[in-house]
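Trainee: Can we go through this model together? I'd like to start with the strands and then move on to the domains.

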Amino acid sequence: MTIESPSSSWRDYELIDFGNSEKLERFGGYVVIRPEIRAKKERTLPEEEWLKCACAKFVPGSGLAKAGKEDSGSWGMLRKMDDDWTVSYPKVGFDLLLKLTAFKHIGVFPEQAPNWDFIYSNVKEIAASFPEGDPPRVLNLFAYTGAASLAARRAGADVIHLDSVRQVVTWARNNMESSGLDNIRWVIEDALVFVKREARRGNSYQGIILDPPAYGYGPDGQRWKLDDSISEMLLNVASILAPERSFMVLNLYSNGYSPAMAETLVQEAFGGKFHSLECGELILKDSFGKVLPMSVFARLKR
Ligand SMILES: C[S@@+](CC[C@H](N)C(=O)[O-])C[C@H]1O[C@@H](n2cnc3c(N)ncnc32)[C@H](O)[C@@H]1O
C-alpha cells in the first residue's frame, strides 16, 4: 500500500498542528482552525498558541453539525483577514481562490496534491502520444472548485468539469481564469446521470477523476449515496474509460473505506481490464511529524 502526502516544498500550505478533533492549518498568509473528525490525537501546541496564530476558527453551528451529519456552522474571527485570498500550486501551475464558507471548507482539499501531480504527469504522457490538435479528454466528476480539472487542463487535456452545485462551478471557473487557463467545459448535472448517458452514447475519455461524497444531491434532487451507488458508478466509468492510454483516479474520504476495499471495488468494476492498479492513503503530516490520514485513493492505468 502506498502512503502519500503533499510535498514539503509546497510553500502555500502547512498543517501546523492537529488534535482534539481540530486542525490548525496555514493557507498562504492565513491560518485557520477547523473541525477534523480524524484528528483523534492530543495537540502538540497549547490552545493559546493556536489562538495566537489563527485568523479564524470554524464553529459547528446547527444541530445536524453537532450530530456529525453536516459540516455547517460559522466562522469566529480572531483577527482581520481578506474575504478571499489565493494560494498557488507551482509544481503544476495553478492558483486557487479561497474563502471561508458556511460548511467549514474553504475551497481546497490540500491532501489531494499527490493526485494533482499524478493527473498532470499522466495527461502529459498521454498527450505526447496524441496527434497535435487532438488532445486527450478528461472528465472530472464531483469536481468542486476544480484543482484536478486545472491540473489536467494545464497538462493539455480537453476537460469536462462536472458538479451539481452552480456556485462551486462558478468558483472553479474563477480559479481557471486566475490561473491563466481557458476552455474547460462546465457541466452542472448529477454525476451518475451524466456518466450513464455518456455510456449509452458510446463516448469515451482518456482520464476520469472522481471524488464522491458520502451523500449528495444532483441539481434535480437526485440522491447520491456512496455505499449504494459506487459500484454502479464504477461500472459506468469502466465502460467510458478508453481501453488504452487512459487512467482513472478514485478518491474516497468518507464511510471508513480502506485501500483494500477501494481495490476490491475497482477490480470488480473493471474485471481485470487494466495494466496497473495502485491503492493507498493520502495523509497530511503536521510540523511536528504527526500523521493525519485523510483519504483513500485508487489509481488505475490502461
Ligand atoms: C468533496 S467534494 C470533491 C472535492 C474535489 N474533488 C477537490 O479535491 O477539490 C464533493 C463534491 O461533490 C458534489 N456533488 C455532490 N453530489 C453530487 C451529485 N449527485 N452529482 C454531482 N456532484 C455532486 C458537491 O457539490 C461537491 O462539490
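**Strands, domains and ligand**

Mentor: Strand β3 (residues 22-27) and β4 run antiparallel and are joined by 6 bridges. Strands here are DSSP runs of E with at least two residues, helices are H or I runs of at least four, and both are numbered from the N terminus. This is a predicted model: local features need pLDDT of at least 70, side-chain atom pairs count only at pLDDT 80 or more, and totals for chains, interfaces and linings use all residues. Residues are numbered from 1 along each chain as its sequence is written.

Trainee: Which residue in β4 is the bridge partner of Leu 24?

Mentor: Ile 33.

Trainee: And what is the strand order in the open sheet of 5 strands?

Mentor: The order is β2-β3-β4-β5-β6, and the pairing is mixed. Its edge strands, each pairing on one side only, are β2 and β6 (73-77). Pairing requires that DSSP finds at least two bridges between two strands. On average, neighbouring strands of this sheet are turned by 20° against each other, direction ignored. The axes are lines fitted to C-alpha atoms, for helices over the stretch in contact, with angles from 0 to 180 degrees between N-to-C directions.

Trainee: Back to β4. Why does Arg 34 count as buried?

Mentor: Arg 34 is found in β4, residues 30-35. Arg 34 counts as buried because it has 22 C-beta neighbours inside 10 Å. The cut-off for buried is 20 or more other C-beta atoms within 10 Å of the residue's own; 12 or fewer is exposed, in between is partly exposed, and C-beta atoms are placed from the backbone.

Trainee: What does Arg 34 touch, beyond residues up to four places away in sequence?

Mentor: Glu 22, Lys 23, Phe 58 and Lys 104. Contact means that the C-beta atoms, placed from the backbone, lie within 7 Å.

Trainee: Now the other sheet. What order do the 8 strands take?

Mentor: β1-β16-β17-β15-β12-β9-β10-β11, an open sheet with mixed pairing. The edge strands here are β1 and β11 (185-188). Within this sheet, β9 (residues 137-141) and β12 (residues 207-210) are parallel over 4 bridges, and Leu 139 stands opposite Ile 208 in β12.

Trainee: Where are the domain bounds?

Mentor: Domain 1 covers 2-91 and domain 2 covers 108-301. Such bounds come from an automatic or database domain assignment. The two centres, taken over C-alpha atoms, are 25 Å apart.

Trainee: How many residues of each domain are in contact?

Mentor: 20 residues of domain 1 with 22 residues of domain 2. On the domain 1 side, β1 (2-4), β2 (13-19) and β7 (84-89) are the elements that give two or more residues. β2 gives the most, with 6 residues. By class, that side has 10 nonpolar, 4 polar and 6 charged residues. Ala, Val, Leu, Ile, Met, Phe, Trp, Tyr, Cys and Pro count as nonpolar, Asp, Glu, Lys and Arg as charged, and the others, Gly among them, as polar.

Trainee: What does β7 form with β8?

Mentor: A hairpin, with 4 residues between the strands. Gly 93 in the turn has a positive phi of about 105°. β8 (residues 94-99) runs antiparallel to β7, with 6 bridges, and Ser 88 has Asp 95 as its bridge partner.

Trainee: Last topic: which residues are closest to the ligand?

Mentor: Phe 142, Tyr 144, Ser 164, Asp 211 and Gly 216 are the closest of the 21 residues that surround the ligand. A residue is near a molecule or strand if its C-beta atom, placed from the backbone, lies within 6 Å of it. α4 (147-154) and β13 (215-217) are the elements that give two or more residues to the shell. The shell divides into 12 nonpolar, 6 polar and 3 charged residues.

Technical notes. Two residues are in contact if their C-beta atoms, placed from the backbone, lie within 7 Å.
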